[in-house]
Amino acid sequence: PPGSNKLQLLYKNIAYPNGIAISPDNKVIYIAEFAKNRIVAAPAAGISGNEVPHVFAHFEGGFGPDGLTVDAEGNVYVARFQAGEVTVLDPNGFQYGSIRLPASASTFVSNLVLHDGYMYVTDSLKNDVWRIKINKNAATPYGIQ
């Protein structure tokens with residue numbers, strides 16, 4: 001918690017939590033639940049009142065979501081391991097679309113980051129990093145606001 005040096009367990013029993021990102025307003029934590037092929041949205045400060053963790057998005061195909069990042073508008077970018085793509089979700093969990101890596105890449109998309117008008121995506125099978133031009137700005141990292 002802010003102003004404290006104590007660790008706090010917020011959520012447990014997540015099916016292979018992998019990627020994690022925080023919404024631009026710092027109110028929601030997005031958790032890639034790899035073993036269930038879905039993204040869970042949870043209150044960043046823990047459960048209080050009517051705010052509870054919920055399934056934000058569920059995917060078909062691939063093994064599961066891996067790395068996550070969020071842009072300044074609250075869109076969530078999901079590296080889809082064994083799917084060969086990055087899926088883009090709006091702040092309500094609806095899919096905008098997918099950005100597929102070229103045929104020369106593998107399907108092992110594992111991580112991503114937004115920086116200066118580009119999205120950088122890792123291909124963990126071929127040990128490559130792809131750069132893709134996008135027209136969105138990255139969210140300001142938590143703690144730097």
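# Side-chain interactions in a predicted model

With a relative accessibility of 23%, Lys136 counts as partly exposed. The side chain of Lys136 meets that of Glu73 in a salt bridge, with an N to O distance of 2.9 Å. Lys136 lies in the segment after strand 11 (128–133), whereas Glu73 sits in the loop between strand 5 (64–70) and strand 6 (76–81); the pair therefore ties together parts that are 63 residues apart in sequence. Glu73 itself counts as exposed, because its relative accessibility of 51% is over the limit of 50%.

## Salt bridges

In total, the structure holds 4 salt bridges. Another of them joins Glu33 to Arg38, where the closest N and O atoms are 2.5 Å apart. Glu33 has a relative accessible area of 4% and is therefore buried, the limit for this class being under 20%.

Which residues are linked in a network of salt bridges? The network consists of Arg80, Glu85 and Arg100.

## Aromatic pairs and charges over rings

A pair of aromatic rings is described by the distance of the centres and the angle of the planes. Across the whole structure, 6 aromatic pairs are found. One of these is formed by Phe34 and Phe81, a tilted pair with 6.1 Å from centre to centre and 55° between the planes. Phe34 belongs to the loop between strand 2 (28–33) and strand 3 (38–43), while Phe81 belongs to strand 6, so this pair links distant parts of the chain, 47 residues apart. Phe34 and Phe81 are both buried.

The pair of Tyr118 and Tyr120 is tilted as well, with a centre-to-centre distance of 6.4 Å and an angle of 45° between the planes. Tyr118 is partly exposed at 22% relative accessibility, and Tyr120 is partly exposed with a relative accessible area of 26%. Two charged residues lie over the face of Tyr118: Arg131, at 3.9 Å from the ring centre, and Lys133, at 4.9 Å from the ring centre.

Ser23 is located in the loop between strand 1 (17–22) and strand 2. Is Ser23 buried or exposed? Ser23 is buried, because its relative accessible area is 5%, and a value under 20% defines that class. The side chain of Ser23 is joined to that of Asp25 by a polar contact of 2.5 Å. When neighbours within four places in sequence are set aside, Ser23 is in contact with Val28 and Tyr30.

Asp128 belongs to strand 11 and is partly exposed. Its contacts, leaving aside neighbours within four places in sequence, are with Val121, Thr122 and Asp123. Between Asp128 and Val109 the C-alpha to C-alpha distance is 9.8 Å, at a separation of 19 residues in sequence.

Tyr96 is part of strand 8 (residues 95–100) and counts as exposed. Which residues is Tyr96 in contact with, leaving aside its neighbours within four places in sequence? Those residues are Asn75, Val88, Leu89 and Asp90. For Asn75 and Tyr96, which are 21 residues apart in sequence, the C-alpha atoms are 9.0 Å apart.

The following table gives accessibility values for several residues discussed above.

| Residue | Relative accessible area | Class |
|---|---|---|
| Glu33 | 4% | buried |
| Tyr120 | 26% | partly exposed |
| Asp128 | 30% | partly exposed |
| Tyr96 | 55% | exposed |

Notes:
Residues are numbered from 1 along each chain as its sequence is written. This is a predicted model: local features need pLDDT of at least 70, side-chain atom pairs count only at pLDDT 80 or more; totals for chains, interfaces and linings use all residues. Side-chain values use heavy atoms; hydrogens and water are left out. Buried means under 20% relative accessible area, exposed over 50%, partly exposed in between (1.4 Å probe, protein chains only). Helices (H or I, at least four residues) and strands (E, at least two) are DSSP runs, numbered from the N terminus. Rings of Phe, Tyr and Trp (its six-membered ring) pair if their centres lie within 6.5 Å; planes under 30 degrees apart count as stacked, over 60 as edge-to-face and the rest as tilted. A charge sits over a ring if NZ of Lys or CZ of Arg is within 6 Å of the ring centre and within 35 degrees of the ring normal. A polar contact is a pair of N or O atoms within 3.5 Å; within protein, one must be able to donate a hydrogen and the other to accept it, and residues adjacent in sequence count only if both atoms are side-chain atoms. Contact means heavy atoms within 4.5 Å.
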